[in-house]
Amino acid sequence: MTAALSHIPCMNKSIQKMFEPLARRYELLNHIMTFGMDTLWRKEALRIAAENVAAGTPADPHADLNTGPNADLNTDLNATPSPGAGFSSVPAPELGLGVTPEHGRGLARRIWLDVSTGTGEMADMLSRRAGSGTTVLAADFSIQMLRVAARKKSARAGRMLVLAADDGRLPFRDASVDLVTISVGTRNLNSSRDALLSCFREFCRVLRPGGRFVNLETSQPRARVVRWLFHAYVNWLVRPVASALSGHRPAYSYLAASMCGFYDAEELATIIREAGFSRVKVAPVLLGIAAIHVAHK
Ligand SMILES: C[S@@+](CC[C@H](N)C(=O)[O-])C[C@H]1O[C@@H](n2cnc3c(N)ncnc32)[C@H](O)[C@@H]1O
């Protein structure tokens, strides 16, 4: 598995390594820590994402993918996968997952892409909403996470395709994707403001004009008392309990620190705008503990 992991070029190896061992219990721990609310948040993000997204001109199939600035990272879906080249570099037979040339030939005209997909919960939901003219792609750089995603019913039924890729260098042509979603993954792209900005720019690059970006992430409640309670809950309950249940203390210490130190909704909206998006709107969730940002290219 380590060998497979090393095939995926990525800009943040420590984050990539951190997520690998969490995959098996990832969903369960999320549901426990949020009392199941994470699913409701994803559903709300999905509702917003699917709203009106079918409108507009679908992207041209086949012509869209795997060229342009990231050509080094990617190969044409219709070509033989080559080692060291983004998702195509993940040997599908070895892993039992990944987008193959055969999948490439069958890609629908409209593409919905869930980045930092983890175990693919959001992508799975998207695939239930997507019509037959839409391909849902679930992308992540953790092979173990993708393995879990690949076991989802929608993946086995071919309604969701799983691919290994770094959010900072997506294997798509400019203006080739109709919708980009990310759920509770943005904090991990924020090793610095510039790093986050460059990932947002990458999402903007692959979206076609008029395409939509939907970002669900924890946030900072405006009311001081709520913010204090939220941080106390994360530090005093989530961190020790999830550390004990998962056996991966550093990962959940990181989680707590990244949640408490993340941007508030206004600042995140500013960064999204800086990345080239327009019409950025924010929907606060649960007193501002989380926020859903919607933006257009
Ligand atoms: C907190 S999980 C979120 C998973 C999922 N979206 C959800 O709703 O639960 C973050 C995921 O982002 C992935 N990730 C972090 N940085 C990434 C990057 N630069 N490129 C691709 N995936 C990344 C990790 O491997 C992990 O699976």
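**Exercise 1. Overall make-up**

How many helices and strands does the secondary structure of the protein come to?

*Solution.* This is a predicted model, in which local features need pLDDT of at least 70, side-chain atom pairs count only at pLDDT 80 or more, and totals for chains, interfaces and linings use all residues. Residues are numbered from 1 along each chain as its sequence is written. Take helices (H or I, at least four residues) and strands (E, at least two) as DSSP runs, numbered from the N terminus. The count is 13 helices and seven strands. Next, burial: a residue is buried if 20 or more other C-beta atoms lie within 10 Å of its own, exposed if 12 or fewer, and partly exposed in between, with C-beta atoms placed from the backbone. Of the 297 residues, 47% count as buried.

**Exercise 2. Strand E7**

*Solution.* Start with pairing, which requires at least two DSSP bridges between two strands. E5 (residues 207-218) and E7 run antiparallel, joined by seven bridges. In that pair, Leu216 stands opposite Ile292 of E7. E6 (residues 278-285) is also antiparallel to E7, through six bridges. Here Ser278 faces His296 of E7. Four residues lie between the strands of the E6 and E7 hairpin, where Leu286 takes a positive phi near 45°.

**Exercise 3. Helix H10**

Check the span of H10 and find what its buried residues pack against.

*Solution.* The expected span is 1.5 Å times one less than the number of residues. For the 14 residues of H10 (residues 193-206) this gives 20 Å, and the end C-alpha atoms are 20 Å apart, which agrees. The buried residues of H10 include Leu196, Cys199, Phe200 and Phe203. The packing partners are strand E1 (110-115), strand E4 (177-183), E5 and helix H13 (265-274).

**Exercise 4. Asp114**

Is Asp114 buried or exposed?

*Solution.* Asp114 lies in strand E1. Within 10 Å there are 30 other C-beta atoms, so Asp114 is buried. Now list contacts, meaning C-beta atoms, placed from the backbone, within 7 Å. Leaving out residues up to four places away in sequence, Asp114 touches Met122, Ala123, Leu126, Ala138, Ala139 and Thr181. Leu126 is 12 residues from Asp114 in sequence and 8.5 Å away in space, C-alpha to C-alpha.

**Exercise 5. The ligand shell**

Which residues of the shell are closest to the ligand, and what classes make it up?

*Solution.* Membership needs a C-beta atom, placed from the backbone, within 6 Å. By that test 21 residues surround the ligand, the closest being Ser116, Gly118, Ser142, Asp167 and Ser183. Helix H2 (13-19) and helix H7 (121-129) each supply at least two shell residues. For classes, Ala, Val, Leu, Ile, Met, Phe, Trp, Tyr, Cys and Pro are nonpolar, Asp, Glu, Lys and Arg charged, and the others, Gly among them, polar. The shell has eight nonpolar, nine polar and four charged residues.

Methods. Two residues are in contact if their C-beta atoms, placed from the backbone, lie within 7 Å.
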